[in-house]
Amino acid sequence: MTQQINNREYAAAIRAVISKMFIARGDGHIGGAFSIADVMAVLFNSYLRDAPKDWFVLSKGHAGPAYYACLYLQHKIPEEAIATLNANGTILPSHPDRNLTPGVQCSTGSLGQGISQAVGIAYANKLKQTGANVYCIVGDGELNEGETYEALEFASNKRLSNLIILIDANKKQVDGLIKDVSCDYDYQKLFQGLALAVHKIPGNDVKVIDETLSSILADNDEKCHVIVLDTIKGKGISYFENAENCHHVTFNETELSELTKYVKENEGAVKHVLGNTK
Ligand SMILES: Cc1ncc(C[n+]2csc(CCOP(=O)(O)OP(=O)(O)O)c2C)c(N)n1
Ligand SMILES: [Mg+2]
């Protein structure tokens with residue numbers, strides 16, 4: 001899909017804005033917010049339409065700052081809110097709340113419940129023939145919740161071709177590797193077994209993400225599609241990529257300086273995106 005802003009630059013801007021929020025707060029769910037910055041860039045730069053109004057559901061709600069960064073870059077959230085992540089009275093709670101934050105469409109954070117909302121939203125839009133698409137990002141650890149499979153069964157049964165589920169397969173959850181905590185899934189077989197269309201792709205590659213979404217939207221196969229994004233937790237700052245656990249970090253001095261360095265290096269990207277999304 002053609003886009004005004006380069007997706008890679010958009011992703012860098014997202015990570016820089018997330019970093020600003022975390023620096024102000026002093027802690028945050030950095031790993032899972034950074035691993036989805038690339039897919040968020042592609043979705044917010046090129047796919048989420050205002051008419052018909054598409055839906056975005058961040059089922060892994062602890063990555064809320066990535067969602068807020070996109071809304072900020074689209075001028076829906078004011079600059080002064082960025083330094084108030086999770087503070088008393090903020091419009092940016094740690095997990096998305098549709099009653100608090102302009103632009104947030106679904107409240108999430110209780111893992112498993114976002115995807116359950118997404119299938120309901122997709123079904124309602126299908127019945128009403130609105131033409132709207134629903135994009136839902138789910139964590140790989142989140143798949144531990146049995147409820148996610150009930151939602152996937154429903155999506156398959158109702159042939160929700162207006163729903164695209166994006167699994168952030170970063171191989172890590174809150175307290176370890178997915179393969180140690182739950183099991184080493186073969187996602188392709190798992191989702192194919194549920195009669196869903198499955199695509200496993202490099203999940204931090206904006207070009208491949210864009211091509212995959214484009215081809216799914218061009219395809220009228222009456223199936224719900226699942227994209228398994230092979231990602232790296234903490235992607236974007238090698239310090240966090242290499243950390244054993246970067247799920248939620250209370251930042252020490254070294255970590256704060258890594259974040260500050262990232263912000264400095266990518267301030268231009270933030271300005272450029274903001275200048276082109278007016
Ligand atoms: C129902 C529920 N149980 C537990 C939690 C606490 N929790 C927050 S994040 C997380 C791990 C999620 O792992 P994953 O989906 O892989 O997240 P990511 O790697 O994308 O950060 C857990 C257990 C929660 N938010 N909701
Ligand atoms: Mg994970």
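How are the donor residues of the magnesium ion (ligand 2) spaced in sequence? They follow the pattern D-x29-N-x1-K. This is a predicted model, in which local features need pLDDT of at least 70 and side-chain atom pairs count only at pLDDT 80 or more, while totals for chains, interfaces and linings use all residues. Residues are numbered from 1 along each chain as its sequence is written, chains are lettered from A and ligands numbered from 1 in the order in which they are written, and side-chain values use heavy atoms, with hydrogens and water left out.

**Magnesium site**
- D140 (OD), N170 (OD1) and K172 (O) coordinate the magnesium ion (ligand 2) at 2.1 Å.
- Donors are N, O and S atoms within 2.8 Å of the metal (3.2 Å for Na, K and Ca); water is not among the atoms, so sites may look incomplete.
- D140 sits in the loop between β3 (134-139) and α6 (147-157) and N170 in the loop between β4 (163-169) and β5 (172-173), so the pair ties together parts that are 30 residues apart in sequence.
- Helices (H or I, at least four residues) and strands (E, at least two) are DSSP runs, numbered from the N terminus.
- D140 counts as buried at 2% relative accessibility, and N170 counts as buried at 6%; buried means under 20% relative accessible area (1.4 Å probe, protein chains only).

**Largest pocket**
- The largest pocket has a volume of about 280 Å³, a volume being the space filled by probe spheres set on the grid points, which are joined across faces, edges and corners.
- A pocket is an open set of points on a 1 Å grid over the protein atoms alone, where a 1.4 Å probe fits, with protein on both sides within 12 Å along at least five of seven lines; lining residues have an atom within 4 Å of a point.
- Of the 16 lining residues, L48, D50, K53, Q74 and K76 are the closest to the centre of the largest pocket.
- α3 (37-47) and α4 (64-73) each supply at least two residues of this lining, and α3 gives the most, with 4 residues.

Notes: Buried < 20%, exposed > 50% of the residue type's maximum accessible area, 1.4 Å probe, protein only.
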